[in-house]
Amino acid sequence: MDPASRQLPADLQAASELLRALAAPVRLGIVRELAGGHRRVHELVDALGVSQPLVSQHLRLLRAARIVTANRRSREIEYSLTDEHVAHIVLDAIRHAAEA
């Protein structure tokens, strides 16, 4: 079998998909904010200084990647991280970039 045609292990593929889902400044900002606890869309908009439609678009992608979950609270939806490991990845990446 040609080495180039071998399939990468599933764990490497999954990690690659996770990093691809995080690979946008707004999505990193959302995860950083959610590392501090659940937030509503308007709180994320205020914290990140970007438009509500943009935050909502990125939240949809993060939900599809199962990085965040949404829970309805009355008329609003609260978002939270599905896994605290993602927060560590993002916060470590931000710290690493700041040191460079």
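# A working chat on the predicted chain

User: Where is Ala64 placed?
Analyst: Ala64 sits in helix 4. Helices (H or I, at least four residues) and strands (E, at least two) are DSSP runs, numbered from the N terminus. The model is a predicted one, in which local features need pLDDT of at least 70 and side-chain atom pairs count only at pLDDT 80 or more, while totals for chains, interfaces and linings use all residues. Residues are numbered from 1 along each chain as its sequence is written, and side-chain values use heavy atoms, with hydrogens and water left out.

User: Is Ala64 buried or exposed?
Analyst: Ala64 counts as exposed, at 66% relative accessibility. Buried means under 20% relative accessible area, exposed over 50%, and partly exposed in between (1.4 Å probe, protein chains only).

User: What separates Ala64 from Arg20?
Analyst: Their C-alpha atoms are 12 Å apart, and the two residues are 44 residues apart along the chain.

User: Let us step back. How many helices and strands are there?
Analyst: The chain has five helices and three strands. In sequence order the pattern is α-α-β-α-α-β-β-α.

User: What does the C-alpha trace span, and what share of residues is buried?
Analyst: The trace spans about 55 × 35 × 25 Å along its principal axes. Of the 100 residues, 26% count as buried. The accessible surface comes to about 6,800 Å², with 53% of it belonging to carbon and sulfur atoms. These areas come from the Shrake-Rupley method with a 1.4 Å probe, and for residues only the protein chains shown count as cover.

User: Which residues have the most contacts inside the largest nonpolar core?
Analyst: They are Ile30, Leu59, Ile67 and Val68, in a core of 19 residues. Helix 1 (10–22), helix 2 (25–34), helix 3 (41–48), helix 4 (52–64), strand 3 (76–81) and helix 5 (84–99) each supply at least two residues of this core. Helix 2 gives the most, with four residues. A nonpolar core is a set of buried Ala, Val, Leu, Ile, Met, Phe, Trp, Tyr and Cys residues joined through side-chain atoms within 4.5 Å.

User: What is Val68 in contact with, sequence neighbours aside?
Analyst: Beyond the neighbours within four places in sequence, Val68 touches Leu34, Leu59, Leu62, Arg63, Tyr79, Ser80, Leu81 and Thr82. Contact means heavy atoms within 4.5 Å.

User: And Ser80: where is it, and is it buried or exposed?
Analyst: Ser80 belongs to strand 3. Ser80 counts as buried at 18% relative accessibility. With neighbours within four places again left aside, the contacts of Ser80 are Leu34, His38, Ile67, Val68, Thr69 and Asn71.

User: What about contacts over the chain as a whole?
Analyst: Among contacts between residues at least 6 apart in sequence, 51% join residues at least 24 apart.

User: Now the strands. How many bridges join strand 2 to strand 3?
Analyst: Six bridges join strand 2 (residues 68–73) to strand 3, and the two run antiparallel. Two strands pair if DSSP finds at least two bridges between them. Arg73 has Glu76 as its bridge partner in strand 3. The hairpin of strand 2 and strand 3 has two residues between the strands, and Ser74 there takes a positive phi near 60°.

User: How many bridges does strand 1 share with strand 3?
Analyst: Strand 1 is joined to strand 3 by two bridges, also in an antiparallel arrangement. Arg39 stands opposite Tyr79 of strand 3.

User: Changing topic, how many salt bridges are there?
Analyst: The count is four. A salt bridge is a side-chain nitrogen of Lys or Arg within 4 Å of a carboxyl oxygen of Asp or Glu.

User: Which residues are linked in a network of them?
Analyst: Arg40, Glu43 and Glu76 form that network. The Arg40 and Glu43 side chains meet at 3.4 Å, N to O, and those of Arg40 and Glu76 at 3.2 Å, N to O. Arg40 lies in strand 1 (residues 39–40) and Glu76 in strand 3, so this pair ties together parts that are 36 residues apart in sequence.

User: What does Arg73 form with Glu78?
Analyst: Arg73 and Glu78 form a salt bridge, with the closest N and O atoms 3.1 Å apart. Arg73 is partly exposed at 48% relative accessibility, whereas Glu78 is buried at 13%.
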